[in-house]
Amino acid sequence: MEELLISIAQGLVEEPSAVNVTKEESENGSVVYHLHVAENDMGRVIGKQGRIAKSIRTVMRAVAARQNARVVVEID
């Protein structure tokens with residue numbers, strides 16, 4: 001799933017080499033992915049009124065549901 005998040009983000013930004021994802025396990029059993037992009041690409045990943053960020057989170061949750069997992073995506 002980490003590769004999916006990276007490929008989605010790299011398709012959106014101008015500096016694909018700056019995309020970085022860190023994975024963290026939370027206490028309640030869910031996995032938290034922290035998406036880091038370049039400062040000037042932050043708007044491209046978040047989108048107008050957060051629509052792109054919401055779409056990324058929806059796709060990641062759908063993939064996780066197929067694997068019986070819980071996923072949270074945070075954009076830093």
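Guide: There are three helices and three strands here, taken as DSSP runs numbered from the N terminus (H or I, at least four residues, for helices; E, at least two, for strands). Starting at the N terminus, the order is α-β-β-α-α-β. Keep in mind that this is a predicted model, where local features need pLDDT of at least 70, side-chain atom pairs count only at pLDDT 80 or more, and totals for chains, interfaces and linings use all residues. Residues are numbered from 1 along each chain as its sequence is written, and side-chain values use heavy atoms, with hydrogens and water left out.

Now the packing itself. Helix α1 (residues 2–12) lies against helix α3 (residues 51–66) at about 155 degrees, the axes being 11 Å apart; axes are lines fitted to C-alpha atoms over the stretch in contact, and angles run from 0 to 180 degrees between N-to-C directions. That makes α1 roughly antiparallel to α3, a label for angles over 145 degrees.

Which residues meet? From α1 come Leu 4, Leu 5, Ile 8 and Leu 12, and from α3 Ile 52, Ile 56, Val 59, Met 60 and Val 63, with contact meaning heavy atoms within 4.5 Å. By class, that contact has nine nonpolar residues, no polar and no charged; Val, Leu, Ile and Met are among those counted as nonpolar.

Zooming out, the C-alpha atoms fill a box of roughly 35 × 20 × 20 Å along the principal axes. Buried residues (under 20% relative accessible area, 1.4 Å probe, protein chains only) make up 30% of the 76 residues.

Notes
Parallel < 35°, antiparallel > 145°, perpendicular 65-115°, else oblique. Buried < 20%, exposed > 50% of the residue type's maximum accessible area, 1.4 Å probe, protein only.
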